[in-house]
Amino acid sequence: MIDLCVVNHNTRTLLQRFLDNLHSDLNSPNGALVKNWNLYITDNDSTDDFVPWIRENEDRYSINRLFLRKNIGYSAAVNMMAEKSSGDIIGILNGDVWMTSEDCIKIENIFNQNPEIHILGPKQRDENGFITHAGIIGTNISPKHRGWKEHDPNDVLYKDRVNCVTVSGSAYFVRREVWNAMTNNEQYRQIHPEATGAFLPTPHYYEETWCSYFARHLGYNVVYDGSVSIGHSWHASSPKPGEGISEVDKYFPISRDIFRRACDFIGIERD
């Protein structure tokens, strides 16, 4: 079973797209799929019409648990949902992705058939067929996005499976046992005893980068698999870096410093 953990902040229309797609093939004419996911959503103090809308549609979308919180940040929201759930696989998702239940089944099958895969990132493309994730390779010091913004309207590129430095945090799948091992690691607890999960407690960035680097440091494998292809409107769930929005500009260097200190404490190479 996959626990889908979705963080929302003022992206109600995008989240509706995600929910509609996730449910689109559960009752298809070709026969209903066996639902293999639980759904958890945290709303970080949205000021659009999300709260009344989701209250009206909570049963329609089979939400296992809905958290309405102040803006506690992305990492804290993810860690909280992971702590409150119990599936064998944790799926961490931005509100600006979209995928089907069949995609969830494919991802679970990859984990079941490949015990050496511990963290998995699927292929991602935007509405116009441009790649937003095909694996992040290279080294900790010099990570490189494969296929970034290559036009792939027919979804034929990067269908391979490769070990990666990290994978995109917009759709990040990790085995529960690996997540728990990182969360409870003695060195990690020394750095951030307040953390309730394996995502580094940063304001906005570097959460999944840390998770991947730390996992690999502990001997786990981080893998991109292009046989599963989902949608992702890049940075539609938060402002793009460099757009002059003070909140985002403020969060990036703060998060980077937290990430670098954690890496240095444990002895993990980083940029």
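User: Asp152 first. Is it buried or exposed?
Analyst: Buried. This is a predicted model, and in it Asp152 has a relative accessible area of 2%.

User: What does the Asp152 side chain meet in a salt bridge?
Analyst: Lys123. The N to O distance is 2.4 Å.

User: Where do Asp152 and Lys123 sit in the chain?
Analyst: Asp152 is in the loop between β9 (143-145) and β10 (161-163). Lys123 is in strand β6. They are 29 residues apart, and the pair links distant parts of the chain.

User: And Lys123, buried or exposed?
Analyst: Buried, because its relative accessibility is 0% and the cut-off for buried is under 20%.

User: Take Asp155 and Arg125. How far apart are the closest N and O atoms?
Analyst: 3.8 Å, in a salt bridge. Asp155 lies in the loop between β9 and β10, and Arg125 lies in strand β6, so this contact ties together parts 30 residues apart in sequence.

User: Are those two buried or exposed?
Analyst: Asp155 is buried at 19% relative accessibility. Arg125 is buried too, at 18%. The cut-off is under 20%.

User: How many salt bridges does the structure hold?
Analyst: 13. One of them joins Arg17 to Glu127, with the closest N and O atoms 3.1 Å apart.

User: Where are Arg17 and Glu127?
Analyst: Arg17 is in helix α1 (residues 12-23). Glu127 is in the loop between β6 (119-125) and β7 (131-133).

User: What's the relative accessible area of Glu127?
Analyst: 48%. That makes Glu127 partly exposed.

User: Switching to strands. How do β2 and β3 run, and how many bridges join them?
Analyst: They run parallel, joined by five bridges. Strand β2 covers residues 37-44 and strand β3 covers residues 65-69.

User: What does the chain pass through from β2 to β3?
Analyst: Helix α2, residues 50-57. The β-α-β crossover is right-handed.

User: Which residue in β3 is the bridge partner of Thr42?
Analyst: Phe67.

How values were computed
Residues are numbered from 1 along each chain as its sequence is written. This is a predicted model: local features need pLDDT of at least 70, side-chain atom pairs count only at pLDDT 80 or more; totals for chains, interfaces and linings use all residues. Side-chain values use heavy atoms; hydrogens and water are left out. Two strands pair if DSSP finds at least two bridges between them. Helices (H or I, at least four residues) and strands (E, at least two) are DSSP runs, numbered from the N terminus. A crossover is right-handed if, with the strands pointing away from the viewer, the path from the first strand over the helix to the second runs clockwise. A salt bridge is a side-chain nitrogen of Lys or Arg within 4 Å of a carboxyl oxygen of Asp or Glu. Buried means under 20% relative accessible area, exposed over 50%, partly exposed in between (1.4 Å probe, protein chains only).
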